[in-house]
Amino acid sequence: MSTNGMSDWAVDLANVANIYPFPGTEFLLFLAGLAFWIIWHVLQFRAEKTELRHEMDADETGDKARKAISRY
Amino acid sequence: MGTNLDALTTLFTEFYYWVTVVFMFLIHVGFCMYEVAASRRRNHIHTLMKNIMIIPLVTVTFFFFGWWIYFSFTNGPYLFEGKGLNFEAASFARPWDPAMGTNLGDHITGVFWAAFLLFSWTAASIVSGSVIERIQSGAFWVLAVVIGSFAWIIDASWGWHWDGWMVKVLGYHDAYASGVIHAIAGGFALGVLMVLGPRLGKFRSDGTPRDIPPHNPWLVTLGLFMIYTGFWGFYAACNVPIISPEVIDGQITGATWTATNIYLAPTTLSAITFNFLMSLSGGLMAAYVVSKGDAFWTFSGGLAGIITASAGNDLYHPIQAMFIAAFGAWAAYKLHYWVERKFKIDDAVGAVAVHGYAGVIGLLICGFMLWGQPSSPYEGYAAINPLGMLIGAIIMFGVLGFLPGYIVAKILNGMGVLRVPAKVELEGLDFESDQAYREAIADVVSAEHALVK
């Protein structure tokens, strides 16, 4: 009993293919990976929205922005 | 070398390891850039020299005794069937043995020794970043030899050798060194930091931490890019590139040649390429979110991700590697700040978290993910299992990492040579050389001004 079905290496390597854990779950892993990727974009958009709001609030008069432009 | 095929295999293997060594040199370049960038301007040269002198000091000591330790300590000694030091297996690895020099009958020892040596530099360099701006160079260089040529190579002999007792008894599996390099170096750094103490000004009077920003965030990230690049070489160096079942002489049948991990169990370069990139990506993505886009932690999270997945990256599916890495990067970030607040540990570059905690987490996850799989191609070895990996993590982080770091730092502190005086720390470790530099510039500028007609 092992997570990839192999309990020893008493095999002919010519007859062995995939050896990753939990074979048969590849499609589920793919779906979970897709979800991870999409959730990442959602979280990133939210975080950037907050960040941009903070950036906007950081300089109400425009003085700091003018200094930043001068610094190049 | 007998046949032409034997000769080609040997020369290919020799060249393969040589290339990995050159790649791994970039790890040290990256660590130097990263540390100097993380330090403040008044400490640059000291920080650079502290790290760069790891190279000669660990190299000569690794030649003198580190390499011999790897082959002679596989039984503990006395941790496996009452067996002591394995003098016979190490009989070619003493500095005075013919294999340890120009020898037309041995094309492998030199490059294999060098690959391990570069791992030794890395172990010491991981510690180097965490202690910047207040440790005495002499003390650090003693500590570098302890971790680089002694503690880590014992753990490699125990758990990163086809004949190591931890592999046989515990089913320990750590193909790309979550534990044997990263957890041990992180634990060692933590032990040193507990004795060394935080930088002056790091904590407010109420105990809350201040951020001490790197003087050059851009250079920090470039340094980490270099480390990623060297890490490719490290991964390749952890494999045996080509070997026949006959030479392995274990349970594998048939005549199909293969690449193997350090335990001589089959894997492929293709597998670890998939997993390196997917774990890097998982770490970067998670670290970006958890750190709110902080460049330093996003890059460090990529590293933490690879480190977390490394124990089983010879066998994981790439998407598994990605998720494991994402969890490791998230946990390393959270643990770094929790430990900093709770225990007032000033780890200047987050090395304990990125290498130590991520390494330990990687070992624990590996025990579950690879549960029941063979740890070795040889009969009679324990299968990979969660308990064995937990004990392995304790040995790596605690017994061979934290304890030696703490004890040697205590001794150095007792001798009064661990930490620089407070005045020197405040004025900067390069203060005198900075003054001389400015005076030299003023002198030559005024002399040249006088020559203008």
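**View 1. S2(A) is a buried residue of this predicted model.** The relative accessible area of S2(A) is 13%, where buried means under 20%, exposed over 50% and partly exposed in between, with a 1.4 Å probe and protein chains only. Look for S2(A) in the segment before α1 (26-57) of chain A. A polar atom of its side chain lies 3.1 Å from the backbone nitrogen of G5(A) and 2.6 Å from the backbone oxygen of M6(A). Leaving out residues up to four places away in sequence, S2(A) touches S7(A), W371(B), G372(B) and Q373(B) (contact means heavy atoms within 4.5 Å).

**View 2. Here chain A meets chain B.** The contact takes 27 residues from chain A and 30 from chain B. Between them the two chains bury about 2,400 Å², 71% of it on carbon and sulfur atoms; this is the accessible area (1.4 Å probe) lost on being put together, summed over both parts. On the chain A side, W9(A), L13(A) and F36(A) lose the most area to chain B, together 29% of what that side buries.

**View 3. Helices α2 (residues 44-52) and α3 (residues 54-72) of chain B come together.** Their axes come within 5 Å and cross at roughly 15 degrees, so α2(B) and α3(B) are roughly parallel to each other (angles under 35 degrees count as such). K50(B), N51(B) and I52(B) of α2(B) make the contact with I54(B), I55(B) and P56(B) of α3(B).

**Reading the views.** Residues are numbered from 1 along each chain as its sequence is written, and chains are lettered from A in the order in which they are written. Local features need pLDDT of at least 70 and side-chain atom pairs pLDDT 80 or more, while totals for chains, interfaces and linings use all residues; side-chain values use heavy atoms, without hydrogens and water.

Note on methods: Helices (H or I, at least four residues) and strands (E, at least two) are DSSP runs, numbered from the N terminus. A polar contact is a pair of N or O atoms within 3.5 Å; within protein, one must be able to donate a hydrogen and the other to accept it, and residues adjacent in sequence count only if both atoms are side-chain atoms. Axes are lines fitted to C-alpha atoms, for helices over the stretch in contact, and angles run from 0 to 180 degrees between N-to-C directions. Angles under 35 degrees count as roughly parallel, over 145 as roughly antiparallel, 65 to 115 as roughly perpendicular and the rest as oblique.
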